[in-house]
Amino acid sequence: MNLKSLSFVLPVILLTGLGLLMLAGKDAATVAQNRDSDAAASAVASPVVPYEDSSSVALKFEEIFVMPAGPKGLEYTAKAWALAGKRVALTGFMLRNDNIDPAIFFFCETQHAYDEREEGLADSLPPSLVQVILPVKKNSAPAWRQEKLTLYGTLELGPRQEQSGRVSHIRLQCDAVTDAATGVPLELRKPVALQLGRAIPIPNDLGALPPSTTPPPFFNPRRNRNSTTHHPDKL
Amino acid sequence: MKLQNSGKLIAAITGLFALGNAFAAPTVTRLNPPSALFTYADATPPYISRFLPAQRFDLQATIQADAGKTITSVVFKVNGTPVTAAGGASAITSIGGDKFSATIRGYSNSTAGVKTLVVEATQSDSLVATGTGNFEIASITLNAGRKAKNIIWLIGDGTGIAHRTAARIVSKGASLGKSNEPLAIDTLPVTGIVVTHSLNSIVTDSAPGAHCYSTGNKANNGQEGVFPDDTTDKWDNPRIEHMGSYLARTQGKWLGIVSTADVEDATPAAFAVSTQDRGAGTGICDMYLDEAVANHNLHVLMGGGRKWFLPLDGSAGAGSGRVNSSTSSGGDYVVPSDVQAGWSVPAGAVDPNRNLIADFQTAGFYYAPDLAGLNAMTGSETKLLGLFNSGHMDVSYDKIAHRRNAATIAPGSLIATYPDQPLLEEMTDKALTVLSKNANGFVMMIEGASIDKQAHNMDTERWVHDAIEFDKAVAKCIAFQAANPDTLIIVTADHECAGIAISGGSTVTDAALQSTAVGSLKGIVGTYDNAKFPAYTIAGDGYPTTMDVDYRMIIGYAGNSDRYETWRSSPSYNVSPQARNTTTGYLVTGQQPGTGVQSAVHTASDIPLSAGGRGAAAFTGVFDNTDAFFKAMQAAIGGSK
Ligand SMILES: [Zn+2]
C-alpha cells in the first residue's frame, strides 16, 4: 500500500475534525525558524529549568567501540560494557530519515541523513549508531530536529534483530531529551499525521524498492514507433 | 495486453457463459523473459531480452486463475517446441489471490535468432490461458582475431561526462585552452556513449545499472541477476546467468569483484548474486561463497561490508554481527527447490551465527582486513577476500588526508576505527596479481563506488577526489594490459549521478572565499572568461595537496536536493546536505520532487564508455548498456576482428 496517499489524506481528516491538533501543527514543522520562535516563546512564558540527572554517566560515541577495530568484528570498550544496563547521557544528533516509527529514532555523532530508497542496508551510517527507544505517545512519533541533543536513559548493548532488517548493537531506553546547549527538556514526539513527507515503514519483503509492474496496456511507451505490426491502440 | 491473446480464445471455447462474464477465464499476467511482444503486442525490435548462445535463464509465467480454481499444468513452447525441464527444475506455485507462478529453471538455447515464447496454462476446469512473448539469442561471430583472455570492467558509479572532466581539471590541469595532460581513462583509444534505462524506468539505480553488464539484460530498479516476478520472496525470481558463471563454465575463467563500497551493495552484488532486493544483506554475502565461489570461480572479493560476514553472537562484548531474519529486509537467503535443481546451487539457510570469513578461509581464501594484510601477501595466493570496513569504505579524500597526517580524521568518517584502508589502486594491484595466475584468464569488475555516493551527498571535493582515485585504478589496468595484450579494458559507469556540470571557476582566493559573507557567496562564481583555468597542485602521493585552492573549480548540480553551498570542502564526512554548512553557506534549493528527497539523485543522461585492448574497437557509437555485455562476450568467445 502506498503510504504517501495515507499521509496526505490523514491530515486533511484530522485538521478538519480535531481542533486540538491544529495547535500541535504550529510546531510540527521541522523548520529551524519555527523551532527557534517556539523555544523563544516558551522561554518568555516560563523560566527554563534545565534537566538534571546526576545519576547518568556521560558516554561519547567514540567511547563505544575499541578503536581501531581488529581484523574481525567491532568490540565494545570496557567503559561502554561497564555501562550496559546503567543510566547514561549521550550527546549527538538525530538521524534524518523518511520513515516514521512511533517509538524509535536513530542518534549519531554527526548530522547524517539516511535515504532508505537509495541506500537500503548498504548505508553510510556509522557503526556507533544508537537506536533510541522512546515511550510511545499515542498517534505520535519522534520528529527530526536539527540541533544537538543530549539524551538520558538506560544503555543496552549486544546484537538484536530489528523488524527493519537492521541489527542494532547499541540501544538507549530514553526517558529524557534535552537541548544539548541549554539543557532544556524537549518533546520530540509530534502527531504522525502532521509529519508530512514522511512514511510509515511497512514490512519490506519486497525489497528496498517495491517491484514495479508492467505499465497497463493503455499506457504504451512504444506507441509512437513507426510500426506496421501489431498496435495496441487498434486492438 | 494478454487479453487479446487469450480472452477471445477462451470466450469462444466457453460459449455463452464466458460471454456473460468475460473475466471468468484464466489469464497470463506476466511472461518472463520480458518482451514488448507480450506487454505491448509489438513484435518489432528492439527485442527486450537477449542472451548468449547457451547462456542460461529461467522461463516464468504468472497466471491469474479464476476464483477457487488452480492451475494444473503449464507448458512453455519455444518456436512451437515444448521445453522440457531438467529433473526438479520446474514448479507451479500458488502465490495467493488465485495467482500461480510457473517456472522452468536454467533454460538455454544455442541457436541464434529471435524466438517466440508461448506459455499455455491449463486450469483445473480445463480452461487454457496463453501468453506470447519473444527473446533473442545473439549471434557470436568467429573472427580471425585473438580472443580477449582477460576482461576488466571498471565502473565509476554515477560517473557521467562531467565527473571525468572535473577529475581531469583537478588532477591534470588545463591552460591556454588545452588540458595539460590526459587522464588515464582518456588514453583508452575507443569511446562510446551508453544509454542506461532500466526495465521499469528511464532513470536506473545501480542494481540494473550493473546487472546489464553482467547478464546482457534489463532488470527492474532494485533488482540484480533476476527478472521481476509477482511473489514477495526475494530469492525465487527468474534468474539470468551471470557473465562470471558463463565464462567459468565455458572457458574456465576466474571472477574478481573489487569495490570501495560495502560488497553487499548493488554494483558488486549485481556481478554474482540473484535477488529482487538489492538490500538483502546477509543472504547476498552468503551467495558470494555458496554460489559465486562454487559456480562462477569467484577468486577475488574486496571492499567494505565486514558486518555481513561475522557471526551474530560473536564473542563476549562483540559489537557486530549478521542479520538473523529470513523475512525482513536484510535477511538471509533460502532458495526454492526448482532453483536449486536448475542452477546447481545449495538451498541456503537462515544462519545468523555463520562465520562467513572463516568459511571463506576454509574455501582457500586469504583474508586481508586492511592494507597491511594486503601487503603481507606472499604472492602465491590464488583466492583473496578483503573486507576493509564494516560498511562502505571511507573515501580517498579522507584516506589520503589521514595518510599525510594521522591526526586528520573528519567527523563522520570511520578512519579512526579503520585507519589502514587501502586505496582502490592498491586493491586493483593485488586483484590483478591473484587473478592473472589463471592460465584461462579472468573477468573482473572494479568499482569506484563513492563517486556516486558523494555526488548524491553533493560533497564536491570528495567525489572529485574519488574520481581521481578511480582513474589511478584505470592506470593500473592499462599497465597490466600493456604487459598482457589479450586483455580488454572497459571503463564506464552505471548511470549519471546528480546532474553534475562544471559551471565555472571562483573569482576569488580561498582566503577571500572564507571571509566572504554568506549573502555574497553567490557572487564569487565566475562564468565564461571569468572561470579562467583553476589550478590544483598534485602531491607526491598523486593526489591534490588541497582541494581548496584559490580560484577553484565550481560545480553545479541539476539533480539536486536543497543544500547550503560554501564552495569549500566540508570538514565533516557524510553529513546531510540539509544539515551541512547551514550557517556558513547559502541555500540552493533543490528541484527534486517527492517526499523525503534529501540528496541529489541519479539522472537518465547517457554515460561515456572508454575501451582499450583486445576487442575494444567494437565499443564505439551510441548503444544500450546491455550491448556492452555482448560486445565484451564477442571479444571473449568469438575473438576480435
Ligand atoms: Zn547512486
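Trainee: How many residues of strand β10 (residues 150-156) of chain B are buried?

Mentor: This is a predicted model, in which local features need pLDDT of at least 70 and side-chain atom pairs count only at pLDDT 80 or more, while totals for chains, interfaces and linings use all residues. Residues are numbered from 1 along each chain as its sequence is written, chains are lettered from A and ligands numbered from 1 in the order in which they are written, and side-chain values use heavy atoms, with hydrogens and water left out. A residue is buried under 20% relative accessible area, exposed over 50% and partly exposed in between (1.4 Å probe, protein chains only). Strands (E, at least two residues) and helices (H or I, at least four) are DSSP runs numbered from the N terminus. In β10 of chain B, 7 of the 7 residues are buried, and the strand is mostly covered.

Trainee: Which residues of β10(B) point one way, and which the other way?

Mentor: Asn150(B), Ile152(B), Leu154(B) and Gly156(B) point to one side of β10(B), whereas Ile151(B), Trp153(B) and Ile155(B) point to the other, and all of them are buried.

Trainee: Which strands pair with β10(B), and in which sense, parallel or antiparallel?

Mentor: Strands of a sheet pair through backbone hydrogen bonds, in either the parallel or the antiparallel sense. Two strands count as paired if DSSP finds at least two bridges between them. Strand β19 (residues 487-492) of chain B is joined to β10(B) by 6 bridges and runs parallel to it; there, Leu154(B) has Val491(B) as its bridge partner. Strand β18 (residues 442-448) of chain B also pairs with β10(B) in the parallel sense, over 6 bridges, and Gly448(B) in β18(B) stands opposite Gly156(B).

Trainee: In what order do the strands of the open sheet of 4 strands lie, and why is one side of β1(B) left without a neighbour?

Mentor: The order in chain B is β1-β3-β7-β6, with antiparallel pairing. β1 (27-32) and β6 (90-96) of chain B are at the edges with a single partner strand each, so each has one side without a neighbour in the sheet. From one strand to the next the twist averages 20 degrees, an angle between N-to-C directions that runs from 0 to 180 degrees, with axes fitted as lines to C-alpha atoms, for helices over the stretch in contact. Strand β7 (residues 99-107) of chain B runs antiparallel to β6(B) and is joined to it by 6 bridges, with Ile92(B) opposite Ala102(B).

Trainee: Which strands stand at the edges of the open sheet of 5 strands in chain B?

Mentor: That sheet has the order β2-β9-β8-β4-β5 in chain B, with mixed pairing. β2 (50-51) and β5 (81-82) of chain B stand at the edges, and each has a single partner strand, so one side of each lacks a neighbour in the sheet. β2(B) runs parallel to strand β9 (residues 128-137) of chain B, with 2 bridges between them; Glu136(B) in β9(B) is the bridge partner of Arg50(B).

Trainee: Where does Lys69(B) lie, and which residues does it contact?

Mentor: Lys69(B) belongs to the loop between β3 (57-64) and β4 (71-78) of chain B. At 29% relative accessibility, Lys69(B) is partly exposed. A contact requires heavy atoms within 4.5 Å. Leaving aside neighbours within four places in sequence, Lys69(B) is in contact with Asp98(B), Phe100(B), Gln123(B), Ser124(B) and Asp125(B).

Trainee: How many residues does the largest nonpolar core have?

Mentor: A nonpolar core is a set of buried Ala, Val, Leu, Ile, Met, Phe, Trp, Tyr and Cys residues joined through side-chain atoms within 4.5 Å. The largest has 74 residues, and those with the most contacts inside it include Ile151(B), Trp153(B) and Phe619(B). Helix α16 (residues 625-638) of chain B supplies its largest share, 8 residues. Apart from this core lies another, of 62 residues, among them Leu188(B) and Phe480(B). Beyond four places in sequence, the residues that Phe619(B) touches include Leu488(B), Ile490(B), Ala628(B) and Ala632(B).

Trainee: What share of each chain is buried?

Mentor: In chain B, 62% of the 641 residues count as buried; in chain A, the share is 43% of 235 residues. Chain B has 16 helices and 28 strands, and chain A has 5 helices and 10 strands.
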